Structure formats: C-alpha cells, structure tokens
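Subject: Structure handover

Hello,

The structure we spoke about is below, with the sequence. My notes on what was found in it follow.

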There are 4 protein chains.
Amino acid sequence: MAESIGFIGLGTMGEPIAASLIQAGYSLKVYNRTASKAEPSVAKGATAVKHHADVATPGGIVFTMLADDRAVEEIADSHGSFVERLGSGGVHVSLSTISPSTASRLSANHARHKVAYVASPVFGRAEAAAARKLWVCTSGSAAAKQRVRPILEAISQGIFDFGEDVGAANVVKICGNFMIASTIETISEALVLAQKNGLSRSDVAEFFGKTLFACPIYQSYGKKIAAQEFEPAGFSLKLGLKDVNLAIQTATASSMPMPLASLLHDRFIASIARGRGNWDWMGIATNALEDAGLQ
Amino acid sequence: MAESIGFIGLGTMGEPIAASLIQAGYSLKVYNRTASKAEPSVAKGATAVKHHADVATPGGIVFTMLADDRAVEEIADSHGSFVERLGSGGVHVSLSTISPSTASRLSANHARHKVAYVASPVFGRAEAAAARKLWVCTSGSAAAKQRVRPILEAISQGIFDFGEDVGAANVVKICGNFMIASTIETISEALVLAQKNGLSRSDVAEFFGKTLFACPIYQSYGKKIAAQEFEPAGFSLKLGLKDVNLAIQTATASSMPMPLASLLHDRFIASIARGRGNWDWMGIATNALEDAGLQ
Amino acid sequence: MAESIGFIGLGTMGEPIAASLIQAGYSLKVYNRTASKAEPSVAKGATAVKHHADVATPGGIVFTMLADDRAVEEIADSHGSFVERLGSGGVHVSLSTISPSTASRLSANHARHKVAYVASPVFGRAEAAAARKLWVCTSGSAAAKQRVRPILEAISQGIFDFGEDVGAANVVKICGNFMIASTIETISEALVLAQKNGLSRSDVAEFFGKTLFACPIYQSYGKKIAAQEFEPAGFSLKLGLKDVNLAIQTATASSMPMPLASLLHDRFIASIARGRGNWDWMGIATNALEDAGLQ
Amino acid sequence: MAESIGFIGLGTMGEPIAASLIQAGYSLKVYNRTASKAEPSVAKGATAVKHHADVATPGGIVFTMLADDRAVEEIADSHGSFVERLGSGGVHVSLSTISPSTASRLSANHARHKVAYVASPVFGRAEAAAARKLWVCTSGSAAAKQRVRPILEAISQGIFDFGEDVGAANVVKICGNFMIASTIETISEALVLAQKNGLSRSDVAEFFGKTLFACPIYQSYGKKIAAQEFEPAGFSLKLGLKDVNLAIQTATASSMPMPLASLLHDRFIASIARGRGNWDWMGIATNALEDAGLQ
C-alpha cells in the first residue's frame with residue numbers, strides 16, 4: 001500500500017500538488033496555517049491536523065510548500081517540529097523556492113534528528129501542478145531521493161537531479177526564476193519599442209513566439225504582456241521580487257555581480273512602490289510603458 | 001522563365017542566400033566590393049559584374065545584403081546607382097539589418113526613380129541561409145511585396161508581413177536581435193551563478209533547454225555559452241554592438257529608454273575594449289565570468 | 001585699440017558672453033539665425049550682420065556659441081562660410097559643447113583655409129557668463145590660444161589649458177557635464193531615500209551642502225532638487241540628454257563602457273517621454289520620486 | 001568633573017575617537033574584542049575592562065563603534081549586556097553605520113531597561129577623528145541628545161540633529177556613504193574617458209577639484225583615483241559594499257529603487273570577486289579601467 005505522506009502549505013501551488021498526490025493514491029495528512037485553505041484537500045480525501053508537527057509519522061515523509069526561507073525555518077526548526085516527529089529515517093521534501101544557504105542550514109539541523117532533507121523546487125504554475133506537469137529539480141542524499149522519486153513522479157512531467165549538495169536544486173530554481181524575470185523585461189522593452197514605432201504589440205509577440213522563441217514561456221508571457229493582462233496573478237509581483245532578491249543574495253554570497261538581476265530588482269520595486277505588488281510578476285512590463293510616456 | 005535578379009553583398013549571409021536563389025532557378029547578376037568573394041556564387045552559376053549598378057536591369061529586382069546603414073546608403077543613394085538603373089517598376093529588396101529611419105529615407109529617395117523599396121530583414125545564421133530556413137520579415141508596398149514573395153519563399157521557412165510602413169520590418173528585426181542579445185546576457189549570468197555555487201554550467205544549460213526554454217535559441221546558445229566556445233564567430237560581437245546600438249538609437253528617436261539594451265551596450269563595449277570584437281556575440285558571456293573573478 | 005571680433009550664436013549663453021566682450025571694450029559684429037535675438041547685443045553696441053560669414057574680417061577672430069555639432073558644422077563648413085572669410089591668420093574660437101571628433105574634423109577643414117581652431121568650451125550658466133565668472137577650457141594651437149587668451153580672460157574667472165590636441169577641451173567639457181548629471185542623479189536618489197524614511201529633503205540637502213559636499217554644484221542643485229523647482233530651465237533637459245549622449249558616443253568611439261552614463265541616458269529619455277524636455281536638467285530627479293510611488 | 005564614559009570598539013575609527021575623548025578630559029573604560037587593540041587607548045589613560053558590559057556604570061553613558069548591525073546587536077542585545085548594566089537613566093551613543101531598522105529595534109529593547117539610544121553616526125576618516133574634525137549626525141530622544149552633546153562636540157567640527165525618530169541619523173549616514181560611493185564611480189568613469197582620449201587623469205581631476213567640484217571629497221578622491229592609489233585602505237572596499245547594501249536594503253524596505261546604488265553594488269562585488277576587498281573603496285575605480293581594456 002502507498003505510503004502516508006505529510007503535507008504542509010496548501011496555498012496556490014501546494015493545494016494542487018497535494019491533490020495530485022491524493023489522486024495518485026497517497027494518503028495525506030495536511031496542515032495549513034489558515035485552516036480553511038485545507039478544506040479543498042480534505043474534500044479530496046486528506047486528513048487535516050491541528051498542529052503542523054502532526055502531519056509526520058516516525059520515519060515517514062513530509063512535503064513542505066511554503067512562501068519563503070523564514071516560513072520554512074519557522075516550521076521546520078522550531079521545538080517540537082515535524083522534523084523531530086519524523087526522527088530517524090524520516091525525509092523532508094522541500095518544494096519551496098528558498099536560498100541554498102537556508103537549505104544547507106536546514107539540512108544540517110535535520111541531520112541531528114537523522115532526518116534527510118531533499119531539496120525539490122518545482123517549475124510550473126498552479127495549472128501545471130494540477131495537470132501533474134511540473135518540472136522538478138532535486139538535490140540531497142541519494143538514498144532519500146531514491147525513496148521519494150516515485151512520489152515526485154506523480155506530480156511532474158520530469159525530474160532532474162543535481163547531485164548530493166543539498167542547495168544545488170535551489171540554485172537551479174533561482175537561476176530559472178531569474179531567467180523568466182529577464183524574459184519578462186526583454187519582451188517588455190521589445191514590445192514597447194515596437195509600439196512606439198507604430199507596430200502592434202501582439203503581432204510582434206506572436207511572431208517571436210512562432211519563430212525564434214517558439215517555447216511556452218515566450219508564447220504565454222508574450223501574449224499576456226502584449227495584452228497588458230496582469231490580473232489575476234498566476235505568480236505575484238511580490239513573490240517575483242523575493243525570487244530576484246534570492247538571486248542577488250546568492251550571487252552576493254558567492255561574490256559575483258548580476259547586473260541584469262539588479263535591473264530586475266529595480267523594476268520590481270518600482271512596480272510595488274506604485275501599488276502593483278499583487279499583480280502577476282509580468283506586470284513589471286508596465287514600467288517600460290510608463291517610462292516611454294505611454295501610461 | 002524565372003526572373004533575373006541582381007544581388008549586391010556576398011558576405012557571410014549574402015553568399016548562401018544567393019546560392020539558394022541560384023538553386024531555386026533564378027539567374028543572378030552579383031556584385032561584391034571585394035571581388036574575390038563573388039567567386040563562390042559565380043562557380044554556382046551567377047554572373048559577376050564590375051560595377052554595382054550593373055546588377056540591375058530596368059524594371060527588375062535587386063537584393064542587397066550589406067553591413068550597415070551607411071553601406072546601403074553608399075550603394076543605393078550614389079549617383080548612377082542600381083536604383084537609377086532599375087527605374088520605373090523596379091524593386092529593391094533590402095535584407096540588411098538597418099534602422100527604420102534609414103529605410104524610410106531610402107524608400108523616399110527610391111520613389112523619385114519610381115523604384116519600390118521592400119524591407120526584408122532575415123533571422124537565421126549562415127547555416128539557416130544555406131538550408132533555406134531563414135525567417136523573413138517584410139514591410140513596404142503591397143504590390144512590390146507580392147511580386148518578390150515567391151523569391152523570398154525560396155530562401156525561407158516562413159515570411160511574416162508587418163504592413164506598408166517601410167521601416168516596420170526593420171523594427172521587428174531590431175527587436176529580435178535585442179531579444180537574442182538579452183538572452184545571451186540572461187544565460188550568462190545564470191550559468192555563472194550556477195558555477196559559483198558548485199554546479200556544472202552545461203548541466204544547468206541543458207536542463208533549461210529541455211524544460212522552460214525548449215527552443216533552439218536557448219538550446220544552441222546555452223550549450224555554447226556553457227562551453228565558452230566563441231570562435232569562430234557565427235555573428236560577430238562587433239556586429240552585435242551595431243545592432244544593440246540600432247535598438248538604442250531607434251528607442252531614443254522614439255523617446256523611450258531601454259535599460260536592458262543599455263546594459264547590453266556596456267557589455268559589448270567592454271568585450272570589444274578587451275579585444276574580443278571578432279568573437280561570436282555570445283562572447284559577452286566572458287564578462288560575467290570575469291566580473292565574478294573566474295577568468 | 002581692441003580687436004574687432006565676430007560672434008555667432010546669441011542664445012542663452014551666447015548673449016551674456018557677447019555682452020561681457022562688449023563691456024571689456026571689444027568691437028563686436030554679431031549674427032544669430034533668429035535675428036531678433038541679436039537685438040540685446042546691438043543695444044549694447046554690437047553691429048548685427050545679415051549673413052553669418054559677414055561677422056568675419058580677414059585674419060581676425062570669430063567666436064561661435066551654437067547648440068550642437070551639426071549647428072557648428074553647418075555654419076563653419078558651408079561654402080562661403082566665415083572660415084573662408086577669415087582666411088590666413090584667422091582664429092575660430094569655438095565655445096560650444098561638441099564632440100572631440102567634430103572638433104578635429106572642423107580643425108582639419110579650417111587648416112585648409114589657414115584658419116586656427118581653438119576649442120574653448122565653458123562651464124557656468126547664464127548668470128556666470130553675465131558676471132564674467134565662467135570657467136574656460138582650451139585646446140588647440142599654442143599661438144592661436146596665446147592670441148585669444150586676453151579675450152577669454154574678459155569672460156572668465158579662470159582658463160585651463162589642455163594642450164594642442166584640438167579635441168581635448170571638449171573631452172573635459174563632456175566629462176564635466178557627465179559629472180554634473182551624475183551628481184543630479186546621486187542627489188535625487190539620496191533625497192528620495194531620506195523622504196521615504198521620514199526625513200525632510202531640504203534638511204538633508206542642506207546638511208550635505210554644508211559638510212561633505214560644500215561646493216556650489218551640490219549646494220545650488222541640492223536646494224533645487226529638494227524643492228523640485230525645475231522651471232524655468234537654466235539648462236534644459238533636452239540639452240542635458242545631448243551632452244550625456246556626447247559622453248556615450250565619445251566613450252563608444254574610444255571603446256569603453258560608461259554604465260553610469262547609460263543610466264543617465266535612460267533617466268533623461270524617460271523624462272522627455274513624459275513631456276519634461278524643457279524643464280531644467282535637474283528635472284530627471286522627478287523619475288526617482290515617481291519610481292518610489294511618490295508622484 | 002567630567003563624566004566617566006564607556007567605549008566599545010577600538011578599531012580604525014574607534015581608537016582615535018576614544019583618544020579625542022580622553023584628551024578632552026573624559027575618563028574612559030574601554031573594551032575591544034581583540035584585547036590588544038585597547039592598548040593604545042590604555043596608554044593614553046583609558047581603563048580596559050575584560051567584559052564588554054563592564055564599561056558601563058549605572059545611569060552612565062556608553063559609546064559603541066562597531067563594524068555592522070550584527071556586531072552592535074550581539075553586544076547590546078545579549079543577556080548581561082552593558083545596556084542592562086546602564087539601566088535607568090543610561091544612554092547608549094551608537095556611532096556605527098547601521099540600518100535605521102536595527103536602530104529602531106535596539107532603541108525599543110533599550111527602553112525596556114530605561115536606557116536611551118542615541119544614533120550618532122559620524123562622517124570622516126581616521127585622520128578627521130584624530131583631529132576632532134568629524135561631522136556628527138544625531139537622532140533620538142531630545143533629553144539624551146542634550147546630555148551627550150558636549151561629549152560629541154569634543155570629537156567633531158559640527159553636530160547636525162535630525163529629530164527624535166531614532167533611525168533618522170542612520171538614514172542620513174547611509175545617504176552620505178551612497179553619495180560618496182557615487183562620486184567615486186562618477187570620477188572613475190570621467191577619468192577613464194579622459195585617459196582614453198589622450199588626456200592626463202590627474203590634470204582632469206585637478207581641474208574639477210579647483211572649479212566645479214571644489215570640495216574636499218572631490219579633491220582628495222580625485223587625486224587618489226587619478227593616481228590609482230588604493231592601498232592602504234582608509235575605508236575598505238568590503239565595508240563600502242556593506243554600506244551600499246544598507247542603502248539598497250533601506251530603499252527596498254521603503255519601496256523605492258535606487259538604480260545607481262544597484263550599479264555601485266555590482267561594482268563593489270566585482271572588485272571583491274577579483275580579490276580587492278581590502279583595498280580602499282575608491283578601488284572600484286579599477287573596474288572602469290578594466291572594462292576599458294586598460295588593465
């Protein structure tokens with residue numbers, strides 16, 4: 001019979017991932033700080049618990065999908081946490097986008113309880129999570145990764161492993177979100193240049209999506225940026241800033257400048273200063289329009 | 001029988017395009033400033049002429065594929081040029097990457113000789129030209145575009161029209177090259193971040209080429225940037241600077257900033273200052289490595 | 001008796017400089033494209049001429065104070081220009097802020113008429129010009145500079161020579177205007193940071209003007225930026241863009257990036273796109289406020 | 001008789017400030033983590049204590065001059081700290097360059113022990129500290145500031161108050177260091193532009209120090225940047241990065257971009273990546289030379 005899994009964090013991404021696990025036959029104990037967000041999972045068959053540590057069974061597996069480094073640390077490093085409950089042989093599969101240094105620190109703390117930490121950040125939005133079409137990056141101990149692999153297969157269209165250094169998958173995730181944010185800025189500036197010279201933003205976006213940049217990111221983002229459709233947010237601008245800052249912090253910690261990330265940081269901040277923090281992160285495109293006197 | 005076409009400019013791109021036209025059955029009169037560069041075309045059946053105006057026949061069609069705005073102006077706007085020779089009913093198909101303002105000025109001058117100017121910049125490297133796999137953008141008079149369409153089909157895998165404003169296709173070409181240059185910088189910074197944190201540049205590039213950015217630009221550029229293979233140049237860094245500057249000039253003329261283009265300008269210039277002007281334009285990736293203390 | 005001098009260009013800066021020369025006892029023949037702008041000078045004793053070449057007397061001296069490279073070239077390089085009229089032994093004192101390459105080209109053309117070109121760009125606004133308190137930078141032939149030195153002393157509080165390479169003084173002028181523009185951006189960002197954290201912009205500006213940066217530029221600019229007083233313009237934002245672009249062009253021509261100049265370029269352009277081209281160039285400070293969501 | 005003062009942190013800046021206080025007649029109890037650094041102060045009459053809390057006397061005054069936010073927090077917020085020892089009526093004069101948010105947090109914690117926190121960051125290098133020529137900015141409770149004012153006068157040439165919001169003086173200090181760092185970059189780019197065009201870096205630096213920017217910062221920094229004299233460090237590049245990062249963090253926390261601070265961040269990081277972290281912070285000037293292919 002399939003393993004019982006703990007799952008903490010049932011937000012935009014966590015909920016559909018939990019749903020996929022249930023659908024794949026796993027028995028889930030779930031926890032979310034705002035309890036009402038656990039209801040959809042319960043409706044699908046999960047058991048909600050009152051304290052986050054209660055999702056864990058000794059030697060079992062717990063998934064977390066939380067907002068940021070601090071949220072993971074608060075849940076996992078507190079006294080009486082699920083990590084202590086897991087104990088020897090337990091595995092923590094951390095899906096969140098956090099810094100490699102936090103991942104390393106957590107992993108070291110977990111080790112004291114003989115719990116393995118597997119970094120498993122995912123690429124894809126809520127729709128992809130619901131469709132079991134995420135891309136998963138993993139890093140951490142080989143044995144633990146082997147154990148959780150079938151579970152990760154149930155939520156993804158592909159798993160890519162980056163070795164035993166526990167922070168490695170987080171670095172890849174941070175690189176990826178930086179690359180997507182760069183793509184947003186790139187498309188934004190190009191489309192404003194087109195518009196300023198009399199062309200249709202959507203014609204130009206469509207052309208590039210069919211030719212040079214015929215991949216989903218350019219196609220979907222290009223279309224929405226051309227149409228200036230930024231609400232509701234698939235991934236919010238505030239979270240986008242968090243991830244660009246993770247790139248800059250990780251780069252700073254490893255002594256390298258990322259001038260393009262710095263530019264993106266400034267775009268995100270200017271957008272937030274103008275009250276757009278809850279827009280989709282594509283909404284930084286509005287800055288390029290404003291700086292061109294178009295809005 | 002197929003039309004006789006004039007062709008001026010047999011460099012890295014011009015030569016394989018001319019070859020495709022010959023292969024498609026067109027009779028070509030060709031000219032190149034450095035005469036020896038015409039030899040491969042002559043070997044394939046073209047007729048070389050001594051003066052560039054001699055490629056034209058009254059009312060016929062002339063293609064040009066030249067280095068920059070000035071080169072096209074010198075050839076097309078001089079006294080006794082091919083444009084005068086073409087005269088009423090003639091069409092000039094301009095494949096070069098030049099500014100929309102130069103295209104407009106040329107088009108107006110051509111009109112005095114009753115010659116139509118069709119902007120037809122192309123996307124793709126020499127290999128794509130040889131394989132008749134270019135992407136062509138067109139703009140200009142509808143009648144002239146209709147006449148040359150079958151010829152352009154002989155060199156391309158797709159033709160995209162952007163209307164009668166003659167500069168429009170140039171704007172799209174400038175947008176496209178800006179986007180590719182941005183992609184180079186994006187990949188460069190991401191891969192250095194990965195390397196600085198202990199990952200393999202090529203593993204990370206391969207991952208993104210298979211997942212989020214599964215399109216040829218990311219795949220081929222990612223691989224070469226990871227391997228730091230910048231010679232021989234498919235498209236030189238010097239020409240890359242020219243095109244980024246076209247973006248900035250066009251943006252400035254239309255009153256909009258392009259901060260990412262400014263960043264790229266600075267990268268290209270720093271690379272040229274360090275003696276890498278003849279490297280492939282992907283070679284700006286070396287700056288990110290140097291700024292990280294890695295080279 | 002004092003020499004008769006020709007003077008072309010009686011705009012914001014040219015008029016008070018001409019007035020200082022008259023006051024110093026020089027006899028002036030003046031020309032301005034818009035003839036009415038010559039009236040104040042005529043009222044002070046100058047003689048207005050109908051064609052710009054007529055300001056020159058053979059072997060004499062002509063000053064020009066014009067808007068940009070093209071304006072100087074049109075006046076000085078045209079057939080029948082004042083340069084031809086000056087002829088052997090003549091000196092052209094060029095006060096305008098232009099590129100060193102234009103200065104070199106003009107100087108070479110002047111040499112064919114045996115006319116010396118002295119680059120003499122000036123620092124200071126109209127008030128400083130009226131008060132004979134400009135700073136003058138010179139470069140060009142030693143003999144010509146020696147001849148015009150007493151005249152330049154009549155308009156300045158100091159003359160600094162940068163040698164015989166004719167473009168040198170222009171480079172210094174371009175450096176200086178870049179430095180002032182950087183100072184504007186520096187003060188702007190600092191004051192918005194202060195304001196965002198509850199401090200008074202003018203208190204902070206005043207503090208720095210009294211301590212670390214106790215020099216006129218910081219004091220006067222700091223005060224106006226704090227007060228957001230940008231009209232009427234002492235030096236317009238449009239001209240500011242011209243000068244930042246001169247810095248970038250000169251840098252590009254000599255193969256070096258100037259990332260801070262690129263940032264300034266983007267600020268100026270964004271201001272112009274928003275309709276502030278006729279504000280004082282300090283008006284780029286408004287961008288920092290807007291990007292902070294404060295306007 | 002003059003008050004007994006505690007003083008923690010006898011580094012490059014702390015030691016000469018302590019010396020000035022001794023010279024002004026104050027009796028000092030001093031502490032430094034590396035005890036040997038207390039010796040010069042002891043030689044001048046101070047009493048060294050073994051634990052940092054021992055510098056405090058109930059209701060007295062303690063100065064701290066420490067490296068960064070964390071160092072101040074570790075010393076001041078630990079159990080049994082000097083703050084507890086000071087108790088009711090005590091004053092902590094914090095000279096360090098730290099963030100306004102840390103200052104606020106500390107101030108709130110101090111209040112629990114009825115200790116006042118006075119933010120008193122200083123401008124000036126070690127020589128200025130030795131010569132009692134610092135500029136001091138203050139913020140915090142009015143009564144506490146009044147009490148310590150005579151003491152601060154003994155180390156400074158001027159005290160500027162920014163009100164009761166305890167973080168205010170820190171914001172001014174952060175603005176000031178950002179402005180100096182911007183000045184370094186500004187001078188650097190200008191001098192490389194001059195050099196690339198055949199001028200002498202020192203001639204140009206001297207010109208601006210005598211004219212437009214006739215203030216000590218431009219004069220001393222201009223001279224050293226022109227000469228590329230970056231060792232020994234007056235203020236290290238590593239600390240410069242810390243302060244630029246304080247600007248960016250404070251800006252981010254208050255929702256505003258500082259694109260020039262971002263550029264500076266990238267310059268500092270690139271310098272550190274190349275092994276220049278212990279150079280004077282003016283050493284970021286070397287980046288501009290390298291990017292111009294000159295080193």
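This is a predicted model.

Domains of chain A

Chain A splits into domain 1, covering 4–165, and domain 2, covering 171–291. Taken over C-alpha atoms, the centres of domain 1 of chain A and domain 2 of chain A are 28 Å apart. The contact between them draws 11 residues from domain 1 of chain A and 13 residues from domain 2 of chain A. On the side of domain 1 of chain A that touches domain 2 of chain A, the classes are 6 nonpolar, 3 polar and 2 charged residues.

Contact of chain B with chain A

In this contact, 53 residues of chain B meet 53 residues of chain A. On the side of chain B that touches chain A, the elements giving two or more residues are strand 9 (156–161), helix 8 (168–196), helix 9 (201–210), helix 11 (237–253) and helix 12 (259–273) of chain B. Of these, helix 8 of chain B gives the most, with 17 residues. By class, the side of chain B that touches chain A has 35 nonpolar, 12 polar and 6 charged residues.

Relation of chain A to chain C

Helices 11 and 12 of chain C

The axes of helix 11 (residues 237–253) and helix 12 (residues 259–273) of chain C come within 9 Å and cross at roughly 150 degrees. Because angles over 145 degrees count as roughly antiparallel, helix 11 of chain C is roughly antiparallel to helix 12 of chain C. The crossing of helix 11 of chain C with helix 12 of chain C is left-handed.

Helix 11 of chain C contributes residues including Leu237(C), Leu241(C), Val244(C), Ile248(C) and Ala251(C) to this contact. Among those from helix 12 of chain C are Ala261(C), Leu264(C), His265(C), Phe268(C) and Ile272(C). The residues of the contact of helix 11 with helix 12 of chain C comprise 11 nonpolar, 5 polar and 1 charged. Lys238(C) in helix 11 of chain C is also one of the residues in the contact.

Regards

Conventions. Residues numbered from 1 in each chain as written. Chains lettered and ligands numbered in written order. Predicted model: local features only at pLDDT ≥ 70, side-chain atom pairs only at ≥ 80, totals over all residues. Axes fitted to C-alpha atoms, helices over the stretch in contact; angles between N-to-C directions. Helix = DSSP H or I, 4+ residues; strand = E, 2+ residues; numbered from the N terminus. Parallel < 35°, antiparallel > 145°, perpendicular 65-115°, else oblique. Left-handed = near helix turned anticlockwise from the far one by under 90°. Contact = placed C-beta atoms within 7 Å. Nonpolar A, V, L, I, M, F, W, Y, C, P; charged D, E, K, R; others polar. Domains from an automatic or database assignment.
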